[in-house]
Amino acid sequence: MDRETLGQRIRALRIRQGVSQAQLAFPELSDSYISLIESDKRVPAPSVVDLLAAKLNCSATYLVSGVSEDVVDELRVTLDYAEIALQNGAAAEARARFAEVLANADATALPEMLHQARWGYALALEAAGELEEAIAGLLELTEEASAEADLDHWAKVHVALSRCLRERGDISAGVQAAEGALRHLIATGADSTDAAVHLGAALLAAFIERGDLVRARQLAAQLVERAERVGSPRARMVAYWEAAYVAEIRGEYEDGVALAERALMLAGDGEDPRNLNRLRVIYAGLLLRARPDQAARARELLGRVRADISTSSAGEIDVAWCLTELAHAETALGRPAEAVRLAEEAIDLLGDAPRRATAGALTVLGEACARLGRHERAVEVLTRAATCLEEMESSREAAQAWFDLAEVLAETGAAGEPRMAAYRRALTCVGV
């Protein structure tokens, strides 16, 4: 059954209260204007809707949507509960509550609330590792979002889409999502905004994962310059964070540590716990590589992150990265058996889907197995890691994995051909 129109609701309430059109209009409006509104020949401005709602003793939301205030309040409470659940890491609970709002027939008449539920539902799917469904929902949201109406939210949706595509292993699509959105901002003159910094950071992450280090370095410098010129503290934090990642990939570990420390200093109390923990994991990883003598400090930081993850919106991928870096720290501290346990926990958490996080855990597992003298196992998992990275277009990381495999084969005294084949695969991955 079709809902009443705005004009029909105004007329029904006016008649029910025994008020004439002239009385409802006086003194701000004319009775002829009220007549046009009630006959749906004029759409009143929001300020006029607020005025009429006050005169008719109802909410502006009810006049516009036809949904009672009690239902609106109930939906709002459910949405607030879902948001809290997502922030606290209860992805399944958040997903269920967002789905409850989406299934409510009255929500279709409340576009802002419906959009909030769809956005939250997509983030809950990502946190739960349901990347295919999350991407499908985010694609719909990007088609409907408007940079002109809400630039920051428009950018957040495109950043989330690029991130999920990368997490799924579709790096080229992740590049396209971020690059297309950033190109739109530049074309519309909105490139000197926080939104542009966040999109640039998403594009930079995709370049790094694709192994496009030349473009990544250029973009990192532009990102930091732009953020320092026009960005908020949070935008600067994001720029330093991504620049630290570029420094790590280039082997400039001390520079990366300095940039990550600048990012952590800018992370305020209101920062999303998930993002803050991701930054801490990256910082700990840089410490392990830049200052191996501080492996114990890195392990302590990662241990705190692991404890915090249960109270944030961290998904399985974030947990897996933390476990993987913990395994790396244990290997550096001479405890490869503990490293094997942590890396296998990360792999079990991620399942069989080809993901960068899976490849990272396999790589650390292979190193730990080699340290334990379990060379057959090391060869097996490093081969899986390298193959997985090749399939996901992560050429630089794939090359490193094939090289690591060749080194393990050399340690085992394997025949020359398998070892040389691994070296050739490494060279192929970097275009040699």
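Select Arg229 and Glu225 first: the two residues are four apart in helix H13, so about one helical turn separates them. Their side chains meet in a salt bridge, with an N to O distance of 2.9 Å. The model on display is a predicted one. Colour the pair by accessibility, and Arg229 comes out as partly exposed at 47% relative accessible area, while Glu225 is partly exposed at 42%.

Keep Arg229 selected and show the whole of helix H13, which covers residues 213-230. Which kind of contact joins the side chains of Arg229 and Ser192? It is a polar contact of 3.4 Å. In sequence these residues are 37 positions apart, yet the distance between their C-alpha atoms is 8.4 Å.

Next, move to Glu228 and Arg262. A salt bridge joins their side chains, at 3.1 Å from N to O. Because Glu228 belongs to helix H13 and Arg262 to helix H15 (residues 253-266), the pair ties together parts that are 34 residues apart in sequence. Glu228 is partly exposed, with a relative accessible area of 43%, and Arg262 is likewise partly exposed, at 37%.

The charged end of Arg262 sits over the ring of Tyr240, 4.2 Å from the ring centre. A search for aromatic pairs elsewhere will return nothing, as the structure holds zero of them.

Two further selections continue the theme of charged side chains. In helix H20 (residues 356-371), Glu367 and Arg371 are four residues apart, so they too are separated by about one helical turn. Their salt bridge has an N to O distance of 3.4 Å, and Glu367 is partly exposed at 33% relative accessible area. Then select Arg306, Glu338, Arg341 and Glu345 together to display a network of salt bridges linking these four residues. Across the structure, the count of salt bridges comes to 29.

Centre the view on Phe98. Which residues is Phe98 in contact with, leaving aside its neighbours within four places in sequence? They are Leu79, Ala82, Glu83, Leu86, Gln116, Ala117, Gly120, Tyr121 and Ala124.

The last stops concern the backbone. Select Phe26 and Pro27, and inspect the peptide bond between them: it is cis, with omega about 0°. Pro27 is found in the loop that runs between helix H2 (21-25) and helix H3 (31-38).

Proceed to Asp40, in the loop between H3 and helix H4 (46-55). Asp40 is a residue other than glycine with a positive phi, near 60°. Its relative accessibility of 40% places Asp40 among partly exposed residues.

Finish at Asn57, which is found in the loop between H4 and helix H5 (60-65). Asn57, also not a glycine, has a positive phi as well, near 55°. Is Asn57 buried or exposed? Asn57 is exposed, because its relative accessible area is 65% and the cut-off for that class is over 50%.

Conventions. Residues are numbered from 1 along each chain as its sequence is written. This is a predicted model: local features need pLDDT of at least 70, side-chain atom pairs count only at pLDDT 80 or more; totals for chains, interfaces and linings use all residues. Side-chain values use heavy atoms; hydrogens and water are left out. Contact means heavy atoms within 4.5 Å. A polar contact is a pair of N or O atoms within 3.5 Å; within protein, one must be able to donate a hydrogen and the other to accept it, and residues adjacent in sequence count only if both atoms are side-chain atoms. Buried means under 20% relative accessible area, exposed over 50%, partly exposed in between (1.4 Å probe, protein chains only). Rings of Phe, Tyr and Trp (its six-membered ring) pair if their centres lie within 6.5 Å; planes under 30 degrees apart count as stacked, over 60 as edge-to-face and the rest as tilted. A charge sits over a ring if NZ of Lys or CZ of Arg is within 6 Å of the ring centre and within 35 degrees of the ring normal.
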